[in-house]
Amino acid sequence: MDNLLHHNRFQYCTTRLKYRQGKELKAVKVYTVANESKHILVFGVPKINLQNELKQKLRKFGAIKHVRIVTADLLNKGFEIESFTEVFWVCFERVFDARKCKRYMDAKSFYGGILHISYAAEYETIEELREKLELRRTEVDYRVRANAAQYKYMKTGESNVVQ
């Protein structure tokens, strides 16, 4: 049960200063590369056979490998799930697509239920984890090179630079 606690929904932060609050209340949570995943769990889907509708909605964010109902598995592990709702395990082709889905679909209404979307890194294989870390490494390398080039341009673009 302890390994499922990261799927619990956080309360919204109400103690932030007004100028930092923004238009919508947010739950503050930090994700590392290891936490993010192309696998997500979608909680709060009403139990009225909405798998096809959910697939259609999620395809807007990117290519999907599979969508499976995992409500019974989570209940067997002792995880509390809201009555009359189902939990879906969705695997996207790319981490970026899952990230976009989580950002735009979390805490949104879907057929009368409020969705809660969380990353499900526990469903990743070793190969997927290796691929994810390698992708992150290339993204960071690209940003470092881009920032270095920009810094070099800014530094040499000044008129009083001694060479």
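**Exercise 1. Decide whether glutamate 128 is buried or exposed in this predicted model, then find its salt-bridge partner.**

Step 1. Glutamate 128 has a relative accessible area of 13%. Buried means under 20%, so glutamate 128 is buried.

Step 2. Now look for the partner: the side chain of glutamate 128 meets that of lysine 65 in a salt bridge, at 3.8 Å from N to O. That passes the cut-off, which is within 4 Å.

**Exercise 2. Work out which parts of the chain are linked by the salt bridge between arginine 99 and glutamate 36.**

Step 1. Start with the contact: the closest N and O atoms of arginine 99 and glutamate 36 are 3.1 Å apart.

Step 2. Arginine 99 is in helix H4 (residues 95–105), while glutamate 36 is in the loop between helix H1 (18–21) and strand E1 (39–46). The pair links distant parts of the chain, 63 residues apart.

Step 3. Arginine 99 counts as partly exposed at 31%, and glutamate 36 counts as buried at 16%.

**Exercise 3. Classify both partners in the salt bridge between glutamate 124 and lysine 132.**

Step 1. Their closest N and O atoms lie 3.1 Å apart.

Step 2. Glutamate 124 has a relative accessible area of 16%, so this residue is buried. Lysine 132 has 7% and is buried.

Step 3. For context, the structure holds nine salt bridges.

**Exercise 4. Describe two of the four aromatic pairs found in the whole structure.**

Step 1. Phenylalanine 61 and tyrosine 104 are stacked, with 6.4 Å between centres and 10° between planes. Phenylalanine 61 is in the loop between helix H2 (51–58) and E2, and tyrosine 104 is in helix H4, so the pair joins parts 43 residues apart in sequence.

Step 2. Phenylalanine 61 counts as buried at 12% relative accessibility, whereas tyrosine 104 is partly exposed at 43%.

Step 3. Tryptophan 89 and tyrosine 123 are also stacked, at 4.3 Å centre to centre and 20° between the planes. Tryptophan 89 sits in strand E3 (residues 85–92) and tyrosine 123 in the loop between strand E6 (116–119) and H5, 34 residues apart.

Step 4. Finish with tryptophan 89, which is buried at a relative accessible area of 14%.

Key
Residues numbered from 1 in each chain as written. Predicted model: local features only at pLDDT ≥ 70, side-chain atom pairs only at ≥ 80, totals over all residues. Heavy atoms only, no water. Helix = DSSP H or I, 4+ residues; strand = E, 2+ residues; numbered from the N terminus. Buried < 20%, exposed > 50% of the residue type's maximum accessible area, 1.4 Å probe, protein only. Phe/Tyr/Trp six-rings, centres within 6.5 Å; stacked < 30°, edge-to-face > 60°.
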